[in-house]
Amino acid sequence: MNLSGESVGYLLARFGGKAADLVIVYDEMALPLGRIRLRARGSDAGHNGIKDIIRTVHTVDFPRLRIGIGGPGMSGSVDHVLGRFSDEEQPAVKASIERAADAVECLLTDGINIAMNRYNTDPQTDPPA
């Protein structure tokens, strides 16, 4: 993951794409488990994989979808990111993956602004758009 830029660069070169054609989907410890956050552009926010992609494509202007995995608690960041979700966490994980897939589909069909307005909400407290 930390060297994602190499793969992204290869795919863009191979298929003649540009950074704006990307939709990068990745885990995010800064978001609570089950939340997703769609952005049209932005910094790496300390995520090494995104940092490598930005370094490779020379821009921060590409859509990205962060899927919340919650903070590491006492386990430490590496163990948390590479570990398994508990049985209690599985329903939230499944729901966030389904919501993320719907968000990407919306982005591709309706555009980034509509997708952000529809999916950058808390599914527990905000009604669907």
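Residues are described here as buried when their relative accessible area is under 20%, exposed when it is over 50% and partly exposed in between (1.4 Å probe, protein chains only). The model is a predicted one, in which local features need pLDDT of at least 70 and side-chain atom pairs count only at pLDDT 80 or more, while totals for chains, interfaces and linings use all residues. Residues are numbered from 1 along each chain as its sequence is written, and side-chain values use heavy atoms, with hydrogens and water left out.

Ile 112 belongs to helix α5 (residues 112–119); helices (H or I, at least four residues) and strands (E, at least two) are DSSP runs, numbered from the N terminus. Neighbours within four places in sequence aside, Ile 112 is in contact (heavy atoms within 4.5 Å) with Leu 38, Arg 39, Ala 40, Pro 63 and Leu 107. Pro 63 is 49 residues away along the chain, yet its C-alpha atom is separated from that of Ile 112 by 7.8 Å.

Helix α5 pairs with helix α4 (residues 90–110): their axes come within 7 Å and cross at roughly 150°. Axes are lines fitted to C-alpha atoms, for helices over the stretch in contact, and angles run from 0 to 180 degrees between N-to-C directions. Angles under 35 degrees count as roughly parallel, over 145 as roughly antiparallel, 65 to 115 as roughly perpendicular and the rest as oblique. Helices α4 and α5 are therefore roughly antiparallel to each other. On the α4 side, Arg 99, Asp 102, Ala 103, Cys 106, Leu 107 and Asp 110 meet Ile 112, Ile 114, Ala 115, Arg 118 and Tyr 119 of α5. This contact of α4 with α5 comprises seven nonpolar, no polar and four charged residues, where Ala, Val, Leu, Ile, Met, Phe, Trp, Tyr, Cys and Pro count as nonpolar, Asp, Glu, Lys and Arg as charged, and the others, Gly among them, as polar.

The buried residues of α2, among them Ile 50, Ile 53 and Ile 54, pack against α1, β1 (24–28) and β3 (64–68). After α2 comes His 58, with a positive phi near 60°.

Turning to charged pairs, the structure holds six salt bridges, each a side-chain nitrogen of Lys or Arg within 4 Å of a carboxyl oxygen of Asp or Glu. In helix α2, Asp 52 and Arg 55 lie three residues apart, about one turn of the helix, and their side chains meet in a salt bridge (2.5 Å, N to O). Asp 52 is buried, at 8% relative accessibility, whereas Arg 55 is exposed, at 54%.

Another salt bridge joins the side chains of Arg 66 and Glu 28 (3.5 Å, N to O). Arg 66 lies in strand β3 and Glu 28 in strand β1, so the pair ties together parts that are 38 residues apart in sequence. Arg 66 is buried, at 17% relative accessibility, and Glu 28 is buried too, with a relative accessible area of 9%.
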